[in-house]
Amino acid sequence: MVCIGAPSVLSVTPRTPRDTDDRSKHMRIGILGTGAMATSLGAAWVRAGHDVRVGGRDTHAASRTALLTGASGHGSLAEAAAHGDVVLIAVPAGAAPQLARELATLLAGRTVIDCTVPMAPGEDGPALTTVGDTSVARLIAEAAPGAHVVKAFGVCHESIWTLDPPAFEGAPLTVPFCTDQPGAATRVAEIITSMDCTPLPCGGLDRAALLEATAVFAVGVWWTGAEARFVFPAPALAPGAVDD
């Protein structure tokens with residue numbers, strides 16, 4: 001999960017990129033942000049063979065994150081945005097639309113991944129901070145109308161992306177995503193596959209709010225000490241299950 005309160009510091013050991021003959025699918029990825037999600041996803045993408053550049057308002061923090069991830073370089077937010085065929089926005093959810101507005105010209109035509117979770121403490125646990133049925137992803141798309149926005153990677157805690165590979169009970173992790181842009185969907189699916197995970201298209205950007213709500217729900221379950229995965233057993237596991 002990304003950008004919930006003060007970002008934690010992960011201990012990420014950069015590893016040698018995987019040896020693969022399919023170099024054509026290796027991409028330039030710019031990361032906007034220097035927190036836990038930027039660090040864990042950046043390191044995972046470097047391991048997958050992608051060319052990663054980290055950008056931040058604090059260039060010293062960007063340098064540190066680049067060192068932790070094994071990124072090829074670091075610099076300002078604008079430099080990271082200009083570097084990427086794909087750009088990850090990994091800043092606090094409330095700041096993401098304004099950042100997209102500031103960099104709108106640079107983000108035009110690029111695949112922009114929003115991994116943020118709009119969340120704040122509530123009376124009964126974590127609560128969404130968005131209003132109505134909108135999402136941070138939709139607000140980013142409105143702020144940078146030329147960008148090809150994808151909601152992805154926010155459902156899992158940032159620690160999951162440090163696993164190499166992320167697999168559970170013998171199966172690769174499935175990564176849901178939402179976007180209105182077919183080209184962006186293809187790029188994000190290729191990135192997910194390069195991480196040895198399984199891409200799961202979940203519809204257009206109008207469904208991004210569902211992913212954000214799912215992430216907030218899961219955080220609330222984890223904070224109680226329970227396991228969110230036990231809430232969603234497959235219907236096929238029930239005795240005598242039939243397809244409805």
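Predicted model: local features only at pLDDT ≥ 70, side-chain atom pairs only at ≥ 80, totals over all residues.

Start with helix H1, residues 36-47, and helix H2, residues 59-69. Two packed helices are described by the angle between their axes and the distance between the axes. Here the angle is about 45°, and the axes are 8 Å apart. H1 and H2 are therefore oblique to each other. The crossing of H1 past H2 is right-handed. Which residues make the contact? From H1 they are Ala 38, Thr 39, Gly 42, Ala 43 and Val 46, and from H2 they are Thr 65, Leu 68 and Thr 69. Sorted by class, that contact has 4 nonpolar residues, 4 polar and no charged ones.

Now the aromatic rings. The count is 3 aromatic pairs. One of them is Trp 45 with Phe 153, edge-to-face, at 5.6 Å centre to centre and 75° between the planes. Trp 45 sits in helix H1, while Phe 153 is in the loop between strand E8 and strand E9, 108 residues apart. Are these two buried or exposed? Trp 45 has a relative accessible area of 0%, so Trp 45 is buried. Phe 153, at 2%, also counts as buried. Together with Trp 161, Trp 45 and Phe 153 form one aromatic cluster.

Phe 217 and Phe 232 also form an edge-to-face pair, 6.2 Å centre to centre with 70° between the planes. Phe 217 lies in helix H8 and Phe 232 in the segment after H8, so the pair ties together parts 15 residues apart in sequence. Phe 217 is partly exposed at 40% relative accessible area, and Phe 232 is exposed at 56%.

Technical notes
Residues numbered from 1 in each chain as written. Heavy atoms only, no water. Axes fitted to C-alpha atoms, helices over the stretch in contact; angles between N-to-C directions. Helix = DSSP H or I, 4+ residues; strand = E, 2+ residues; numbered from the N terminus. Parallel < 35°, antiparallel > 145°, perpendicular 65-115°, else oblique. Left-handed = near helix turned anticlockwise from the far one by under 90°. Contact = heavy atoms within 4.5 Å. Nonpolar A, V, L, I, M, F, W, Y, C, P; charged D, E, K, R; others polar. Phe/Tyr/Trp six-rings, centres within 6.5 Å; stacked < 30°, edge-to-face > 60°. Buried < 20%, exposed > 50% of the residue type's maximum accessible area, 1.4 Å probe, protein only.
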